[in-house]
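User: I would like to go through this structure with you. Could we begin with the ligand and then turn to the backbone?

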Amino acid sequence: MNELKERILNEGHVIGTDILKVDHFLNHQVDPVLMAHIGDEFAKHFKGKGITKVVTIESSGIAPALMTATALGVPMIILKKQPSKVLNERLYQTQVNSFTTGKNYDLCLSADVITSDDHVLIIDDFLADGEAVTGAIRLLRMVHSTVAGIGILIEKAFMPGHQKLKAQGYNVYSLVKIKSLEDGTVKFED
Ligand code: G4P
């Protein structure tokens with residue numbers, strides 16, 4: 001997606017050799033017009049796959065996931081990182097290890113908002129190690145719903161996330177694939 005590539009080139013900042021900061025339009029300040037275009041692009045790509053729900057991981061996945069859900073005309077579910085304080089036997093939980101932050105967190109999904117009939121599109125902002133999306137898939141398996149697709153805004157193609165998901169048979173559609181972030185420069189895959 002050329003619009004997203006241009007925003008990364010114009011407003012992104014490379015930290016070290018493996019982190020891209022995009023606080024001006026995605027992770028801190030959010031550009032609603034760009035998010036709407038991203039939602040339209042995902043909706044166009046996944047049209048006809050029978051998607052009934054869009055699922056994302058808080059917090060930076062929420063804006064693009066909401067726009068995608070709007071474009072597809074389906075609800076959006078946020079996988080929470082904090083377990084509910086209200087005891088709930090229909091709450092499913094899985095632990096995720098974040099490679100980037102080095103921390104573990106629990107990802108939660110209530111069976112009250114999803115069923116085994118749902119065909120789910122997972123949307124997330126970055127794909128790096130693939131742990132967050134893998135955790136989301138684990139939760140969706142627990143409630144027996146079908147993962148119909150995975151949409152990523154920015155894939156760090158030099159990290160193993162995409163290969164891990166592909167090896168499990170999932171089709172990942174990334175709007176932008178980054179080949180490297182060396183020497184402070186963003187290089188995209190062709
Ligand atoms: P994974 O999602 O592929 O497993 O990677 P990882 O656990 O390492 O990522 C941890 C967090 O860092 C995630 O956000 C992920 O989206 C984000 N992240 C990974 N690489 C980059 C990067 O190069 N730049 C930026 N800006 N973020 C990156 P999170 O902790 O869930 O935070 P948030 O969604 O609340 O923003």
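This is a predicted model: local features need pLDDT of at least 70, side-chain atom pairs count only at pLDDT 80 or more; totals for chains, interfaces and linings use all residues.

User: Which residues come nearest to the ligand?

Analyst: There are 20 residues around the ligand, and the nearest of them are L20, S60, K81, T100 and E131.

User: What does the polar backbone of L20 do there, in terms of distance?

Analyst: A polar backbone atom of L20 is 2.6 Å from a nitrogen atom of the ligand.

User: And which backbone atoms lie at 2.9 Å and 3.1 Å from an oxygen atom of the ligand?

Analyst: At 2.9 Å from a ligand oxygen atom lies a backbone N or O atom of D129. For A132, a backbone N or O atom lies 3.1 Å from an oxygen atom of the ligand.

User: How much of the ligand's accessible area does the protein cover?

Analyst: On its own the ligand has 710 Å² of accessible area, and the protein covers 85% of this.

User: Which elements give two or more residues to the shell around the ligand?

Analyst: They are β2 (19-21), β7 (119-127) and α4 (131-142). The most comes from β7, which gives three residues to this shell.

User: How does the shell divide by class?

Analyst: The shell around the ligand has seven nonpolar, six polar and seven charged residues.

User: Let us turn to pockets. Where does the ligand sit?

Analyst: The ligand sits in the largest pocket. The volume of that pocket is about 780 Å³.

User: How many residues line the largest pocket, and which lie nearest its centre?

Analyst: The lining has 31 residues, and S98, T100, T101, D125 and F126 lie nearest the centre of the pocket. Two or more lining residues come from each of β2, β6 (104-110), β7 and α4. Here too β7 gives the most, with four residues.

User: How many of the lining residues are nonpolar, polar and charged?

Analyst: The lining of the largest pocket divides into 11 nonpolar, 10 polar and 10 charged residues.

User: A change of topic: which residues does a cis peptide bond join?

Analyst: E58 and S59 are joined by a cis peptide bond, with omega of about 5°. S59 is in the loop between β3 (53-57) and α3 (62-72).

User: What is the phi of H144, and where is this residue found?

Analyst: H144 is not a glycine, and its phi is positive, near 60°. The loop between α4 and β8 (146-156) holds H144.

User: Why mention these two backbone features?

Analyst: They are mentioned because most residues other than glycine have a negative phi, and most peptide bonds are trans.

Definitions and conventions. Residues are numbered from 1 along each chain as its sequence is written. Side-chain values use heavy atoms; hydrogens and water are left out. A residue is near a molecule or strand if one of its heavy atoms lies within 4 Å of it. A polar contact is a pair of N or O atoms within 3.5 Å; within protein, one must be able to donate a hydrogen and the other to accept it, and residues adjacent in sequence count only if both atoms are side-chain atoms. Accessible areas come from the Shrake-Rupley method with a 1.4 Å probe; for residues, only the protein chains shown count as cover. On a 1 Å grid over the protein atoms alone, a cavity is a set of points where a 1.4 Å probe fits but cannot get out, and a pocket is an open set with protein on both sides within 12 Å along at least five of seven lines; lining residues have an atom within 4 Å of a point. A molecule sits in a cavity or pocket if more than half of its atoms lie within 2 Å of its grid points. Ala, Val, Leu, Ile, Met, Phe, Trp, Tyr, Cys and Pro count as nonpolar, Asp, Glu, Lys and Arg as charged, and the others, Gly among them, as polar. Grid points are joined across faces, edges and corners, and a volume is the space filled by probe spheres set on the points.
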